[in-house]
Amino acid sequence: MDNPIGSCDHCGGVFRYRLLHNGFGDSAYAYCDKCSFTVLLSSWAKASQRISFRVHQRITPDIEPLLKPCPCGGRFRASADPKCPYCAKPLSATKATGFIEQNAPGTAKGWQWQQSWSGVYSIALNENIVEDWWDEEAVNRLFPKIS
Ligand SMILES: [Zn+2]
Ligand SMILES: [Zn+2]
């Protein structure tokens, strides 16, 4: 099944998106400060076992230096919101309610969009997503292996 379609509230650009429930995946996430990329951090990944980080939500700023740069050269930031793949402006979590609730099968049964980019749901745009994007060197330096 194809991912549902949303649109940018700035340029009208159309993209496919996927909502990710970070409670089911025991994960945390962040967005690039320059482009439309999302990073997803599973608490089950090997590097994650050594770092204590809060899951089911967006990362906290202390996690930023432990992540590799985004493929575009930007940084994944706790304060960055998801950006349009075309104009790179931050999408409005409130304005996204229209297409997200319209496309979600659960809406008829009372499901509601969280209207925020820091809740339990994260979003991947046009499958621009990287997973378990730890900078091994930084992780080893800050969280040395206990032998
Ligand atoms: Zn746009
Ligand atoms: Zn980027």
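The legends below describe close-up views of a predicted model of one protein chain.

**View 1. The whole protein chain.** The secondary structure of the protein chain consists of two helices and seven strands. Followed along the sequence, these elements come in the pattern β-β-β-β-β-α-β-β-α. The radius of gyration is 16 Å, close to the 15 Å that the globule rule gives for 147 residues, so the protein chain is as compact as a globular protein of that length. The C-alpha trace spans about 55 × 35 × 25 Å along its principal axes. Of the 147 residues, 25% count as buried. Among contacts with a separation of 6 or more, 69% are between residues 24 or more positions apart.

**View 2. The hairpin of strand 1 and strand 2.** Strand 1 (residues 5-7) pairs with strand 2 (residues 14-21) in the antiparallel sense, over three bridges. Serine 7 has valine 14 of strand 2 as its bridge partner. Six residues lie between the two strands of this hairpin, and glycine 12 takes a positive phi near 80 degrees.

**View 3. Strand 2 beside strand 6.** Strand 2 also pairs with strand 6 (residues 121-125), in the antiparallel sense and over five bridges. Here the bridge partner of tyrosine 17 is leucine 125, in strand 6.

View 4. Strand 3 (residues 27-32) and strand 4 (residues 38-42) pair in the antiparallel sense over five bridges.

**View 5. The largest nonpolar core.** This core has 17 residues, of which Tyr29, Ala30, Cys32, Val39, Leu67 and Phe76 touch the most other members. Strand 3 and strand 4 each supply at least two residues of the core. Strand 3 gives the most, with five residues.

**View 6. The surroundings of cysteine 32.** Cysteine 32 is among the core residues that touch the most other members. Which residues is cysteine 32 in contact with, leaving aside its neighbours within four places in sequence? They are Phe37, Cys70, Cys72, Gly74, Phe76 and Ala80.

Definitions and conventions. Residues are numbered from 1 along each chain as its sequence is written. Chains are lettered from A and ligands numbered from 1 in the order in which they are written. This is a predicted model: local features need pLDDT of at least 70, side-chain atom pairs count only at pLDDT 80 or more; totals for chains, interfaces and linings use all residues. Two strands pair if DSSP finds at least two bridges between them. Helices (H or I, at least four residues) and strands (E, at least two) are DSSP runs, numbered from the N terminus. A nonpolar core is a set of buried Ala, Val, Leu, Ile, Met, Phe, Trp, Tyr and Cys residues joined through C-beta atoms within 7 Å. A residue is buried if 20 or more other C-beta atoms lie within 10 Å of its own, exposed if 12 or fewer, and partly exposed in between; C-beta atoms are placed from the backbone. Two residues are in contact if their C-beta atoms, placed from the backbone, lie within 7 Å. The radius of gyration is taken over C-alpha atoms; the globule rule is 2.2 Å times the number of residues to the power 0.38.
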